[in-house]
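Have the model open as you read.

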Amino acid sequence: MAVLEIKTAGDPVLKQTCAKVEKIDKRVKKLLDDMAETMYATEGIGIAAPQVGVSLRIIVVDVENKRYDMINPEIIYREGSAIDAEGCLSCPNLFGDVERAEKIRVKFTTRYHKDKEIDAEGLLARCIQHEVDHLNGRLFIDIAKNITRGKPNRETEQVK
Ligand code: NI
């Protein structure tokens, strides 16, 4: 496994719509492991493939000591709305308030080729929505309000 370089805002790879993964091969599994290692090394709770320069629909999240590797994630249900502070490994030192659905259902394929659906709420739901946005070329700073530099304006700040 390896800690990969994080691409930051301004890099064109972050503005692209990522391609679907057609085949879950060794390369994809290695990418998942490297993304996870990079996320843990940078103390993030989520990471999307374009953040390490790969334009594929892959995210890894770990909000409460449970890691999810999601290939081709798709949010198939959204309920409610919540505003909270976010940050992003690709936007160092920037924080802002983002409105997201409060509860979601996400469908994805696991590294073992299984199709899975999970329901998420709170921070996990927020994190998944933030990462799926990355797959569509969208950064939180494109949609955030009250962007601040240096420190979050709320205590619940998490970096994704
Ligand atoms: Ni991010």
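## A contact to start with

A polar contact here is a pair of N or O atoms within 3.5 Å, and within protein one must be able to donate a hydrogen and the other to accept it. Keep in mind that this is a predicted model.

With that cut-off in hand, look at D34, which sits in helix α1 (residues 26-41). The side chain of D34 gets to 2.8 Å from the backbone nitrogen of A2. D34 is buried, at a relative accessible area of 5%. Leaving aside residues up to four places away in sequence, D34 touches M1, A2 and L4.

## The sheet

Next up is an open sheet of 3 strands, ordered β4-β5-β8 and paired antiparallel. β4 (82-86) and β8 (145-149) are the edge strands with a single partner each, so one side of each has no neighbour in the sheet. From one strand to the next, the twist averages 20°.

Strand β5 (residues 94-100) pairs with β8 over 3 bridges.

Helix α2 (residues 122-135) lies across β4 and β5, at about 70° to β4. Its 14 residues span 21 Å from first C-alpha to last, close to the 20 Å expected.

How much of α2 is buried? The count is 12 of the 14 residues, so the rest of the structure largely encloses α2. After α2 comes G137, with a positive phi near 75°.

Definitions and conventions:
Residues are numbered from 1 along each chain as its sequence is written. This is a predicted model: local features need pLDDT of at least 70, side-chain atom pairs count only at pLDDT 80 or more; totals for chains, interfaces and linings use all residues. Side-chain values use heavy atoms; hydrogens and water are left out. Helices (H or I, at least four residues) and strands (E, at least two) are DSSP runs, numbered from the N terminus. The expected span of a helix is 1.5 Å times one less than its number of residues. Buried means under 20% relative accessible area, exposed over 50%, partly exposed in between (1.4 Å probe, protein chains only). Contact means heavy atoms within 4.5 Å. Two strands pair if DSSP finds at least two bridges between them. Axes are lines fitted to C-alpha atoms, for helices over the stretch in contact, and angles run from 0 to 180 degrees between N-to-C directions.
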